[in-house]
Amino acid sequence: MVTSVGINTEWGLLIASISDDNIGEETPLQVHLNGVATFIGIVGLLVAIFVLVVLLIRYFTGHTKNTEGFVRFKAGKTSFSTTVDGVIKIVTIAVTIVVVVVPEGLPLAVTLTLAYSMRKMMADKALACLLN
């Protein structure tokens, strides 16, 4: 016996609630993930700045050596182009740290997980509707 059709059924209400667009509204999970991503980005930036300063100090004080064991920088003896090349390598290391730390994959992973969970929940709810 059919008592209702369309939006008045359990399945119709479920589909209507899923397709309801909440433009501009962030869920608590999205707010929390944005906060975590911001925190991780700030910590990564601070670590990168610390590494940059330490490596520059070590380079210009003569504490870094090349693969042959020779000091990379000697004041007055190292050419300008070699010094610039060494500084560029150090800056590249710091930028790499910042790029790696930014969690671009975190929101995508959570979105995919939620989509999968929602699909599973819809299947379970549909099965429950059929059994009633």
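User: What share of the contacts with a separation of 6 or more is between residues 24 or more positions apart?
Analyst: That share is 66% in this chain, with a contact meaning heavy atoms within 4.5 Å. Keep in mind that this is a predicted model, where local features need pLDDT of at least 70, side-chain atom pairs count only at pLDDT 80 or more, and totals for chains, interfaces and linings use all residues. Residues are numbered from 1 along each chain as its sequence is written, and side-chain values use heavy atoms, leaving out hydrogens and water.

User: Where is confidence highest, and where is it lowest?
Analyst: Helix 3 comes out highest, with a mean of 88, while helix 4 (residues 105-131) is lowest, at 67. The score here is pLDDT, the predictor's confidence in each residue, from 0 to 100. Over the chain the average is 78, and 76% of the residues score at least 70.

User: What does UniProt list as "transmembrane region"?
Analyst: The unreviewed entry lists residues 36-60 and 90-116. Such annotations may be inferred rather than shown by experiment. In the model, residues 36-60 are 100% helix and 0% strand, and the C-alpha atoms at the two ends are 36 Å apart.

User: Switching topic: how many salt bridges are there?
Analyst: The count is one, taking a salt bridge as a side-chain nitrogen of Lys or Arg within 4 Å of a carboxyl oxygen of Asp or Glu. Asp85 and Lys89 form it, at 3.9 Å from N to O.

User: Where do Asp85 and Lys89 sit?
Analyst: Both are in helix 3 (residues 80-101), four residues apart, which is about one turn of the helix.

User: Why does Asp85 count as partly exposed?
Analyst: Because its relative accessibility is 41%. Lys89 counts as partly exposed too, because its value is 48%.

User: Which residues line the second largest pocket?
Analyst: Asp85 and Lys89 are among them, along with Leu55, Tyr59, Thr64, Asn66, Arg72, Thr82, Gly86, Ile90 and Ile93. Helix 2 and helix 3 are the elements that give two or more residues to this lining, and helix 3 supplies the largest share, six residues. A pocket is an open set of points on a 1 Å grid over the protein atoms alone where a 1.4 Å probe fits, with protein on both sides within 12 Å along at least five of seven lines, and lining residues have an atom within 4 Å of a point.

User: Tell me about Thr64, then. Is it buried or exposed?
Analyst: Thr64 is buried, because its relative accessibility is 15%. It lies in the loop between helix 2 (28-60) and helix 3. Beyond residues up to four places away in sequence, Thr64 touches Arg58, Tyr59, Phe70, Val71 and Arg72.

User: And where is Arg72?
Analyst: Arg72 is in the loop between helix 2 and helix 3. With a relative accessible area of 38%, Arg72 is partly exposed. Setting aside neighbours within four places, Arg72 contacts Tyr59, Thr64, Lys65, Asn66 and Thr78.

User: How far apart are Arg72 and Thr83?
Analyst: They are eleven residues apart in sequence and 8.5 Å apart in space, C-alpha to C-alpha. Thr83 belongs to helix 3 and is buried, at a relative accessible area of 12%.

User: What does Thr83 touch?
Analyst: Not counting residues up to four places away, Thr83 touches Tyr59, Phe60, Phe73 and Thr78.

How values were computed: Buried < 20%, exposed > 50% of the residue type's maximum accessible area, 1.4 Å probe, protein only.
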